[in-house]
Amino acid sequence: SRWGDFGRGDSTRSPEVGVRKGAEEMPKLYHLTLQRSSAITHAIYGNFSAPKAQEIVCARYKTLELLRPDDSGKVQSILSIEIFGVIRALNPFRLTGASRDYIVVASDSGRIVILEYD
């Protein structure tokens, strides 16, 4: 078939595909982010880990970060995790009668995830 040998690197590909006879395999590209995003795109406030805990969840492009102020007033990072996708929306919600909040995350692919911090 016309696409059957695509990506194998052999010399039997037809000129219709745009590759010369005897051409070598195309190089593989690898994408790696060396520096994480510093701009905060979304931020929410809630009680995510304990009923009386005051915490902030920040979204930085592809990273979710849970922040908590300590006794001296400085903000400490409790958890930072990179997700596979771009965060488009971030909202807290609490079930009726619950004492902790949940996090709703919507990504660029249209998926919605509900997160709970343990």
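Predicted model: local features only at pLDDT ≥ 70, side-chain atom pairs only at ≥ 80, totals over all residues.

Reader: Start inside. Which residues make up the largest nonpolar core?

Author: That core has 10 residues. They are Ile44, Phe48, Val57, Ala59, Leu64, Leu66, Ile87, Leu90, Ile103 and Val105.

Reader: Which elements give two or more residues to this core?

Author: Four strands do: S2 (55–60), S3 (63–69), S5 (87–93) and S6 (102–107). As a general point, nonpolar side chains in soluble globular proteins tend to be buried together.

Reader: Take Ala59. What does alanine 59 touch, leaving out residues up to four places away in sequence?

Author: Alanine 59 touches Ala39, Ile40, Thr41, His42, Leu64, Ile87 and Leu90. Of those, Leu64, Ile87 and Leu90 are also listed in the core.

Reader: New topic. Is glutamate 65 buried or exposed?

Author: Glutamate 65 counts as buried because its relative accessible area is 6%, under the 20% cut-off. Its place is in strand S3.

Reader: Which side chain does glutamate 65 pair with through a polar contact?

Author: Serine 77, at 2.8 Å between the two side chains. Glutamate 65 also touches other residues beyond four places in sequence, including Arg36, Cys58 and Leu79.

Reader: Leu79, then. Where is leucine 79 found?

Author: In strand S4. Leucine 79 is partly exposed, with a relative accessible area of 38%. Together with Ile78 and Ile81, Leu79 forms a nonpolar patch on the surface. The patch has about 230 Å² of accessible area in total.

Reader: Now aspartate 101. Where is its place?

Author: Aspartate 101 is in the loop between S5 and S6. Aspartate 101 is buried, with a relative accessible area of 9%.

Reader: What does the side chain of aspartate 101 reach at 2.7 Å?

Author: The backbone nitrogen of asparagine 47. The aspartate 101 side chain also makes a polar contact with the side chain of arginine 94, at 2.7 Å. Beyond its neighbours within four places in sequence, aspartate 101 is in contact with Gly46, Asn47, Phe48, Phe93 and Arg94. Phe48 is a core residue.

Reader: Last one. Why is phenylalanine 84 called exposed?

Author: Because its relative accessible area is 87%, and exposed means over 50%. Phenylalanine 84 sits in the loop between strand S4 (75–82) and S5.

Reader: How far is its C-alpha atom from that of serine 107?

Author: The two C-alpha atoms are 9.0 Å apart. Along the chain, phenylalanine 84 and serine 107 are 23 residues apart.

How values were computed. Residues numbered from 1 in each chain as written. Heavy atoms only, no water. Core = buried A, V, L, I, M, F, W, Y, C linked by side-chain atoms within 4.5 Å. Buried < 20%, exposed > 50% of the residue type's maximum accessible area, 1.4 Å probe, protein only. Contact = heavy atoms within 4.5 Å. Patch = residues over 30% accessible without salt bridge, like charges linked within 9 Å, V, L, I, M, F, W, Y side chains within 5 Å. Areas by Shrake-Rupley, 256 points an atom, 1.4 Å probe, with all protein chains shown as cover. Salt bridge = Lys/Arg side-chain N within 4 Å of Asp/Glu carboxyl O. Polar contact = N/O pair within 3.5 Å; in protein donor to acceptor, adjacent residues only side chain to side chain.
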